[in-house]
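Please look at the sequence and the three-dimensional model shown here before reading on. The report then takes up a few parts of it in turn.

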Amino acid sequence: METYLDNAATTKPTDKVIEAVVKSLKEMYGNPSSLHRKGIEVEKEIKKTRRLVSKALGCNEKEIVFTSGGTEANNLAIKGFVKANNRLGNHIITSKIEHKSVLSLYEDLEKSGYNITYLDVDQEGFVSLKQLQESLSDDTILVSIMHVNNEVGSIQPIKEIAEIIKEKNPKARFHVDGVQSIGKIVYCVKDLQVDSLSISGHKFHGPKGIGALYINKDTRISPIFLGGGQEFNLRSGTENVPGIFGLGEAVKELIENQENNIKTLNNLKAYLIDLIETELEDIIISSKLDDRYAPHIINVALLGVKSEIMLHSLEMDGVFVSSGSACSSKGKGYSHVLEAMQMKRSHIDSAIRISLSHFNTKEEIFFAVKRIKYHVNSLRQIIRR
Amino acid sequence: MEKVIIIRYGEIMLKGLNKSYFENKLVKHIRHALSDLGKLKVYKEHSRIYVNVEEYNENQIIERIKRVFGVVSISPAKRFPVDMENIKKVVLGELQDKLQKKVIKTFKIESKRGDKKFPMKSPEISREIGGFVLENIDSISVDVHRPDIAINVEIRNNAFVFSEKINGFGGLPLGTNGKGLLLLSGGIDSPVAGWLVAKRGVALEAIHFHSYPFTSERAKEKVIDLARMLATYCGEFKLHSINLLPIQKEINEKCPEEEMTILSRRFMMKIAERIALKSKCDALITGESIGQVASQTVNSLQVTNEAVNLPVFRPLIAMDKVDIIQIAKQINTYETSILPFEDCCTVFLPKHPVTKPKLEKILYSETLLNVEALINEAIENMDEEIIELEI
């Protein structure tokens, strides 16, 4: 039996998603840029998906650009924005707990001369709004903050952040990495007042290799890929048609069931946390059961048990989770997120991440916690240090 | 005129009556290395091996042959019937060809007359060809000491013209010296040790120890990747995988903490010896090097060595790390070796391992364990996998 509890890493595509992908490969294999019918029928489907994505995010369909996934969407939003607007200022802001795809971009921009502010987070995983307020200046052109942190599930107060930015410097733009929030939180980009937002198909039961960037029509960005001018000239290259078909199906399912799915996730999370708290000792749960945290991510430290050993032990039982650090004697591989939250080494060392999908069941969670309990007990006996 | 690759093999020449055995093995290995490149003529002639090639696959073939142990050097050459006028034209063509690719100001003709019936002596041949070149190319002059390019002319049953000599690794054809079992970890040293011994004609099998689930499956994947790289030199071989975790757990529970590593090493050696005997290997091969880590001090090596009766080859024993790294880079294993997945769990690593273990103490600690049962259990749960040659 397989108990997949690593849904923040990736999710299993649904049958409908798979069917849509297969359809694009078997029948609808035309190039959407072709002038003939074979191409036009595909172009129509792509438009349909674009409308669905814009509906899910609450924006205009012209504001959606398909990308190869979250990383490319972040690259386009940040690098593409800086490229187009470098004359406006030299200061950009992000947080210390962003995904690597954002942090690497900022580090790269730092090398090319930009002033960077990396916002601190508190011990609960929330960015410092005070620091944001203080660091915003006339020179600031871009702020990039993630919606839901992928390791602990903290939901950043995006709307509040947007308001602070607008108040301090209306010219500065706000990008949001929304890869972990879509389908887990109900929102609308226009309400959040963000200028761009990234999503990735495989985080909500779509295929890998497809994502999208919402980019406000008033925000100017330059393309990173040049070529045939696809995607409103913002992302050249023949469209990933199988990916877009699959994404369309995933978004359709998401729109139809979002509220129920979130309810399911909340119930599962409450059940999981309750079970962990009653069954296990010497644990620290970093993902609280309140609305400041996403309903699908639970980070828990099983003190004294190296997380990677727990991960591999669970994998033998068919239970798949994720760890906050890699087992290494060289002291590398610690999660930058947990470090930014100022967790102790012993805490980081033993932190595992359980991430849920609405397809998970209470039975699965019960089984997983039983196995965790078993391994915690036997491993704590062996590991004497 | 044909394009051929001349393959020279040094040491094998000295093998007296066994010479043809070694030569035939070498031809076989070269054929095998080229087996997927279509029908190629590989043949032995006057203490050299030749491969006929075409323009389009020449470089690929050279790359493959370079990896075959026993090959000392390689020269892509033109071969044609002996005729002085023809030789001059081919040499001129070769030079003109090279002139288009790089700046050449000076040259030299080096002639060798294998066929003593040919009327001119080597210096005469060089002089005549050199003169012809000078008449035809203005921009170039002779320099016999440090020429930009040396064109070689050989007169044997055919004439050969070439200007490049590419070094192989030397050594002896694989399988001419029995078989060894390599203790292969994911580190830098053991692949190099295996490669060095294989280069002396020893066929390989490998054994790998891991501590799953205390270590990752990726650590094993890394070992398989390293084994695949070795296979590009040694052909396909068998990789045995042993889970050492149950043994480590026992040691952890019953023996002094600082002896963990040395006791584990002894278990590895003992298990390896059993597998070696079963797979008809004549020796064990390890990547140990004096003083590199606690388990590789002379005292530790002594204690480790005592665990087995088979000879243990340690080709890196007196090498410095930088030199080992250099070979690892040369044979392409370095990049993989430095990936972060660890094959041996750090949980059990003692803070202060013994560096001067006493054999009696270690033997006493082993009496606290059911060594025989632990070894048998480990071997019963062993995985085996054939590492195929993928070029």
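What follows is a short report on confidence, a sheet, some annotated positions and a few backbone details.

## Model and confidence

This is a predicted model, in which local features need pLDDT of at least 70 and side-chain atom pairs count only at pLDDT 80 or more, while totals for chains, interfaces and linings use all residues. Residues are numbered from 1 along each chain as its sequence is written, and chains are lettered from A and ligands numbered from 1 in the order in which they are written.

The predictor's confidence in each residue, called pLDDT, runs from 0 to 100; its mean for chain A is 95, and 97% of the residues of chain A reach 70 or more. Over residues 327-331 of chain A, however, pLDDT stays under 50. Where pLDDT is low, the predicted coordinates should not be read in detail.

## A sheet in chain A

Helices (H or I, at least four residues) and strands (E, at least two) are DSSP runs numbered from the N terminus, and two strands pair if DSSP finds at least two bridges between them. In chain A, four strands form an open sheet with antiparallel pairing, in the order E9-E10-E13-E12. Strand E9 (283-285) and strand E12 (322-323) of chain A each have a single partner strand, so one side of each is left without a neighbour in the sheet.

Strand E10 (residues 297-302) and strand E13 (residues 351-355) of chain A run antiparallel and are joined by five bridges; A:Ala301 has A:Ala351 in E13(A) as its bridge partner. Helix H8 (residues 241-279) of chain A packs on the sheet and touches E9, E10 and E13 of chain A, where touching means a contact, that is, C-beta atoms, placed from the backbone, within 7 Å. The direction of H8 makes about 10 degrees with that of E10(A), the axes being lines fitted to C-alpha atoms (for helices over the stretch in contact) and angles running from 0 to 180 degrees between N-to-C directions.

## Annotated positions in chain B

An unreviewed UniProt entry places the feature "binding site" at several residues of chain B, among them B:Leu183 and B:His208; such annotations may be inferred rather than shown by experiment. Are these two residues buried or exposed? A residue is buried if 20 or more other C-beta atoms lie within 10 Å of its own, exposed if 12 or fewer, and partly exposed in between.

B:Leu183, in strand E10 (residues 179-183) of chain B, counts as buried because it has 22 C-beta neighbours inside 10 Å. Its contacts beyond four places in sequence include B:Ser190, B:Ile207 and B:Met268. B:His208, in strand E11 (residues 203-210) of chain B, is also buried, with 26 other C-beta atoms within 10 Å, and B:His208 touches B:Leu184, B:Val223, B:Leu239 and B:Ser241, not counting residues up to four places away in sequence.

## An enclosed helix and some backbone details

In helix H5 (residues 189-199) of chain B, 10 of the 11 residues are buried, so the helix is largely enclosed by the rest of the structure. B:Gly201, which follows H5(B), has a positive phi near 90 degrees. A cis peptide bond, with omega about 0 degrees, joins B:Tyr212 and B:Pro213.

In chain A, A:Asn233 has a positive phi of about 70 degrees although it is not a glycine, and with 13 C-beta neighbours inside 10 Å A:Asn233 counts as partly exposed. A:Gln342, also not a glycine, has a positive phi near 60 degrees, and with 11 C-beta neighbours inside 10 Å A:Gln342 counts as exposed.

Terms used
Contact = placed C-beta atoms within 7 Å.
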